[in-house]
There are 2 protein chains.
Amino acid sequence: MSEILAELLAPNDNKILLIVLDGLGGIPYPIKTELEASRTPHLDRLARKSSLGLVNPVGIGITPGSGPAHLAIFGYDPIRYKIGRGILEALGIGIKIDDQDLATRANFATIKDNLIVDRRAGRITTEECQRLCHKLQAAIKRIDDVEVFIYPVKEHRFVVIFRGKDLSDELSDADPEKEGRPMVFPKAHKSTTEAMRTAETIKNFIVRAKEVLHDEPKANMVLMRGYARRPILPSMSERYGIKPCALATYPMYRGIAHLVGMTVIDAGETILTQIEALKKFYKDFDFFYFHYKATDKAGEDGDFRAKVKQIEKFDAVLQRIEKMGFDVLALTGDHSTPAKLKGHSWHANPLLLYSKYIIPDRKPRFTERYCAQGSIGHISGLDLMPLLLANALKLKKYGA
Amino acid sequence: MSEILAELLAPNDNKILLIVLDGLGGIPYPIKTELEASRTPHLDRLARKSSLGLVNPVGIGITPGSGPAHLAIFGYDPIRYKIGRGILEALGIGIKIDDQDLATRANFATIKDNLIVDRRAGRITTEECQRLCHKLQAAIKRIDDVEVFIYPVKEHRFVVIFRGKDLSDELSDADPEKEGRPMVFPKAHKSTTEAMRTAETIKNFIVRAKEVLHDEPKANMVLMRGYARRPILPSMSERYGIKPCALATYPMYRGIAHLVGMTVIDAGETILTQIEALKKFYKDFDFFYFHYKATDKAGEDGDFRAKVKQIEKFDAVLQRIEKMGFDVLALTGDHSTPAKLKGHSWHANPLLLYSKYIIPDRKPRFTERYCAQGSIGHISGLDLMPLLLANALKLKKYGA
């Protein structure tokens, strides 16, 4: 559908709010899902006057990562558009990615007698990781004409950004993959100058890093993989004729929003500061992506009660958001994260849609099972944006 | 799916009736939709023994014009097959379109001191338009070796058909688009002989028309746009192994039916004459497209009560149709036209399907909300024809 949208755009001032409760959907554990077990009087009231449905972000049976899941609900085919691992890791710690950047995931590792004996350097602490990254960065600022930026993540994991001209991500991993093997250096997948030169740069970086780390007891080597350039994504303004902004407390979601051309607003650290920011910027944009992380975190921890609590916490502030008077209000997840599975899952996302032009389904609650009976039906992630735009009267008729 | 249908066709004498209540679907205005507010005992009785569903003609969130909407429910991908504006306008006034024809929409306009000062010639009356078209046609029968046919539409609008060899529709509009600007002549989008020659022909027509109209006070110029050749569509007989016919009281729908190779039957002017024609030709065809316009018209006027009345009017004659004993009876819209929106909309079309082989949903009424819960689910317009053919046992098994 995306090919015909371009000719149908009819920008106006109507305001769309897309609330993404991360990992919202669940499964019974043991009898009720997290949504079913929650006390959500405000969501339920809203559900009664809304249309409900279910969204399969990437495809039926497919469990998406946060990158593909978000791309899909923003209307970018996640099979066609990919956010590389290195980029996602960098976005996750709030690094701004430049057009010239090559982002890579890296591990501290232990090398002994020329064999990689521990690919995680004994899972050193995050503090230790920070110290080591500092040490590396102090010693290594550039490799040839390529700038190097080093950022700690968690435990043994860190991110390296290479910034220079014509860097390529078509390289093999610098990682033997199994312990007890010798170190492996990156090789170009293609015999282009760019790929061969980048492979050389990364090799030189690893060699330099090894020198800098030679006196470390555990973390005396680095492994690198997930090389990724910044994906080229047409902006949401271009594609939909909207002025979009993002309100998210976690860096990764701000990063993804930035990639699709949203203005990323400083929304503080809590849902209350997010709501304040929403109010403050209400007049300046016509599309608002509001991200709530806590539901996913509880699901990933396998903590059913915590996820219920986070849903109820959101419910408690819903009215403040409703009061602002958005013309279109949609509430869904990016993917499901059932506490029972302790991770993302393939289950479709519950969807609630409110506007002046929907047919209220009059379902008593907002739950997976009621959504399955809603009048929106079971849609693909890519169908969500056209539906939101239509409800905001931002699309013209197709053909005569 | 259309690519595998060809090898599955199993023609037989079973008869399919597809009733299209134009613009049928609605939204609450304020509490009930038009279907919900209607008294429809016969539809309700039929609904109870039928399968229900919802049809998205072109795509979720997409509001289709009549052309794409009809193509979709006839099983022709409306993104791939397009009916140009000029053709649709010509079909709308009942003009038969030849393979060699180039159809264009035209306006009478006012030119003064070489500037187009009124693009609609003061919205002259339809009678005035008829007089002017007569006058033009009397003076202009051909331009070089291209025949010219001129037909009045409404107010300042008319249609010109150019008939000749190798005419091209790849031309820019002959329309300055804004008033106060000089006239613009068509230019070829491509430097092909066909496009350049056609641009010249149309320019010469405009120059001739200006001469003929020089003594008119208002309508002393013509603007032209929406050039379109007749689309090349494989016939429904070829695609589905059926013998299809159309019963429609409005020219545009007869025209679209003709484009997909249906035999267009003289069905008179009212739903009663349509039913008479249906009875008369029952034995001669095995697929009947029955178009009812009144619902759409009322919706476009924003007249909720009138739309309810037109639905009830249809309900009152439904039994006469049912009695004829079609093997498959489907009832749907081409698109929704909620009175609240005073125009076409993106909402899915209610669908009712009756045959010996469906699972009755036992829903008490035929409404949008009950259809949303029907066992057919939410389907695409392109899924409708295979479903009808299957229910008529006109499709073999795919694979072993």
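**View 1. The eight-stranded sheet of chain A.** In this predicted model, eight strands of chain A make an open, mixed sheet, running S11-S10-S12-S1-S13-S14-S2-S15. Strands here are DSSP E runs of at least two residues, helices are H or I runs of at least four, both numbered from the N terminus, and two strands pair if DSSP finds at least two bridges between them. Strands S11 (263-264) and S15 (377-380) of chain A sit at the edges with a single partner strand each, so one side of each has no neighbour in the sheet.

**View 2. Strands S1 and S12 of chain A.** S1 (residues 16-21) and S12 (residues 287-292) of chain A run parallel, joined by six bridges. Look for A:Ile19, which stands opposite A:Phe290 in S12(A).

**View 3. How the two copies relate.** The copies use different surfaces: 3% of chain A's contact residues recur in chain B, contact being heavy atoms within 4.5 Å.

**Notes.** Residues count from 1 along each chain as its sequence is written, and chains are lettered from A and ligands numbered from 1 in the order written. Local features need pLDDT of at least 70 and side-chain atom pairs 80 or more, while totals for chains, interfaces and linings use all residues; side-chain values use heavy atoms, leaving out hydrogens and water.
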